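This briefing is intended for a reader who has the sequence and the model at hand. Please keep both in view while reading the points below.

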Amino acid sequence: MQAELTGYNFAYLDEQTKRMIRRGLLKAVAVPGLQVPFGGREMPLPYGWGTGGIQVTASVIGSDDVLKVIDQGADDTTNAVSIRHFFARTAGVETTEVTEEASLIQTRHRIPESPLSEGQILIYQVPIPEPLRFIEPRETETRKMHALTEYGVMHVKLYEDIAQFGQISTAYAYPVLVNGRYVMDPSPIPKFDNPKMHQSPALQLFGAGREKRLYAVPPYTDVISLDFEDHPFEIQSWDEDCALCGATDSFLDEVIINDAGERMFVCSDTHYCRQNRDASDG
Amino acid sequence: MRRITVEQVSKTFVLHNQGGVRLPVLDQVSFQVDAGECVVLYGPSGCGKSSLLKMLFGNYLADGGSIRIHADQGETDLVAAHPHQVLELRRHTLGFVSQFLRVIPRVSTWDLVAEPLSRQGVEADEINSRVEQMLRRLNLPESLWSLAPATFSGGEQQRVNIARSMIVDYPILLLDEPTASLDAANRDVVAALIQEARDRGAALVGIFHDDALRTRLADRLIHLEAVSEF
Amino acid sequence: MDKPILTAREVTRAYTPDQGCLGVSLDVWPGEVLGIVGESGSGKSTLLRLLSGQESADSGSILFLDRAGTPIELTETPESALRYLGRTEFGIIHQNPRDGLRLRISAGGNIGERLMGVGNRHYGDIRAIAESWLTEVEIDPARIDGKPLHFSGGMQQRLQIARNLVTNPRLVFMDEPTGGLDVSVQAKLLDTLKRLVHDLGIAVIIVTHDMGVARLLADRLLVMKQGRVIESGLTDQVLDDPHAAYTQQLVASILQVN
């Protein structure tokens, strides 16, 4: 644990900014799936590294929170380590790698395997918040489409997948319908994680730094993945088990382990994997 | 039974793009046509025969007077009628046989001839037998039936046009020199078709430059004179 | 059949006091093709956008009779309802297929979009309907997964027609649908249009400056000049016996073929 920095406001952002973001978050929670604009600040890291997620975390974190940060499921990648250190130093909060111990979890591209519980907040880093952007470049038009629930084009995307690949090949950032009203981009999490968003006891907050948008899914909200009647939503599955912990129910990364091209499959959620191994060792 | 009542019909063309020249062609023309008679418009070239015939079809608009068409469904004044009424009259009551076929790209001879029947909602079987009968009667070789008439000779195109406009038993037939450019054999076929139409009770109004044909078909002549400039 | 499907009265949208669309009144009846002719800048395209709800009028009334026979005053209808009408009751064929198609989405996806937009969620059904519509507009159904980006202009225009007609609209707006096409391709497209309009009994308002297109497709014509309707009537009557000076000029400028 590094020493807390002095000379900065608690959690780096000034209080006015945090209040502004919290007001945006309140609106986002009140209207699940609605994209709320906010006055994004310059952060001491580049766009694309989690500036949106960091601003949300900075706005909701308190001194008694316990923070976990993951990047692609791992607690020990550069990005996750940097952000964890950032808050340890600017807010002096306790950090953890244990999913169950964390009150705040900032994530890039994964939802932890361990079930979340009431009182926990999951904060997603979002690159492109607009699920309709792929087909409609005009912001005025996408806003209108949301306002009027003109979501036919979302299915056009899935139709194209099936026409081209014989199945819905969209594997991440798979669009969902939130609370029966707004279509939402769940950020580039694998569609494997989509079902975890549905009726989750945890509060889910989304921050897009470059595009300056917030959105949210309150606890126990319906989050339904879009699909066709004759091509229902399915999650990925693997023929292999995790090579390290033997888990059969987690999202696996394929890792090349030597120059001969040999590979193995391991849990992408490093904490979950370690927990499984500790349990079997114990 | 009265089919057409023309009263006090006048027509003047105003050529705005040629210094506003006024060309009076008809002045206060009146006549009637009954079912089962063939009336021939007669007069020197430029006396407005063709214009009058076109007015009876709603193709030209009269400046004044009235042209009442007594259809089975009721009476309509073409001079005051709404376009839909005119279209409805053309669908069921008014047939126009002219010298010129307006070629529609890609539409086959068969479909062209069948179209007036299908627009009336006639059953497909009946359409097919009537179209075939008509095409054979007008000596249009079977090899042409599936082709669009764009490449046909003048006489062939005209016969397609006659087939198309006489396939329906219209109560009123307007004939604008229907036999011009036909050979003798086909002229006889067309004359016979016209006679049959009259015998079934159609009211016919025609322009025939061919004296023999005029004598053979006309029950009555209506003399038109060139309108003097005023 | 006994009432107009669209009734416009004194519709005005003035860009300048004498430019735009000025006090236009017209009726469109079920199953008829109404042609609007006039030179560039005469306000015909503006009129089309007003009638189809793509642009709002300064004044006037546009009454549309929907499938259920309910009259809807388009000038007082919120945009949400207008857009819904646009997907269900209207079709809009743009002159440039790029404005009416998604060029990077497959032909099947383009046709299917309106179906999905009104709630169809069965891939197999959507695909089957798209295939039958491709056949209907004379595109080889084997091209269903091809992107319109790689289609010829004529094919793009056909696809646009299929994409619009798939939800059985009752009123279709066409703005110079044969505008950028070769003459031979034009003829084929006109033929398809004529057949579909006749078979489906849809009402069509078609804007064109091509008198040949007007003669072939339209039952009735409106002639526009400087934002106003200066002459109207049966198509052949207006073209063969034009009264207004401007209409005579238009007709006189048609190239005579044959």
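Two strands pair if DSSP finds at least two bridges between them. Helices (H or I, at least four residues) and strands (E, at least two) are DSSP runs, numbered from the N terminus. Strand 1 (residues 6–16) of chain C and strand 4 (residues 59–65) of chain C run antiparallel and are joined by five bridges.

The model is predicted: local features need pLDDT of at least 70, side-chain atom pairs count only at pLDDT 80 or more, and totals for chains, interfaces and linings use all residues. Residues are numbered from 1 along each chain as its sequence is written, chains are lettered from A and ligands numbered from 1 in the order in which they are written, and side-chain values use heavy atoms, with hydrogens and water left out.

- C:Leu65 has C:Pro71 in strand 5 of chain C as its bridge partner.
- Strand 4 and strand 5 of chain C form a hairpin with five residues between them, and C:Gly69 in the turn has a positive phi of about 85°.

**The six-stranded sheet of chain C**

- Six strands of chain C form an open sheet with mixed pairing, in the order 6-7-8-3-9-10.
- Strand 6 (90–93) and strand 10 of chain C are at the edges; each has a single partner strand, so one side of each is left without a neighbour in the sheet.
- Neighbouring strands of this sheet are turned by 15° against each other on average, direction ignored; here axes are lines fitted to C-alpha atoms, for helices over the stretch in contact, and angles run from 0 to 180 degrees between N-to-C directions.
- Strand 9 (residues 220–225) and strand 10 of chain C run antiparallel, with six bridges joining them.
- C:Arg220 is paired with C:Leu234 in strand 10 of chain C.
- Helix 6 (residues 153–165) of chain C packs on the sheet, touching strand 6 and strand 7 (171–175) of chain C, and its direction makes about 170° with that of strand 6 of chain C.

**The seven-stranded sheet of chain A**

- In chain A, seven strands form an open sheet in the order 1-9-8-5-4-2-3, and the pairing is mixed.
- Strand 1 (36–37) and strand 3 (94–95) of chain A stand at the edges, each with a single partner strand, so one side of each has no neighbour in the sheet.
- Strand 2 (residues 66–71) and strand 3 of chain A run parallel and are joined by two bridges.
- A:Val66 stands opposite A:Glu94 in strand 3 of chain A.

**Where chain C meets chain B**

- The contact (heavy atoms within 4.5 Å) takes 23 residues from chain C and 23 residues from chain B.
- Chain C and chain B bury about 2000 Å² between them, 52% of it on carbon and sulfur atoms; buried area is the accessible area (1.4 Å probe) that two parts lose on being put together, summed over both.
- There are two salt bridges between chain C and chain B, a salt bridge being a side-chain nitrogen of Lys or Arg within 4 Å of a carboxyl oxygen of Asp or Glu.
- C:Asp236 and B:Arg90 meet through their side chains in a salt bridge (2.8 Å, N to O).
- Helix 7 (183–200) of chain C is one of the elements that give two or more residues to the side of chain C that touches chain B, and helix 7 of chain C gives the most, with five residues.
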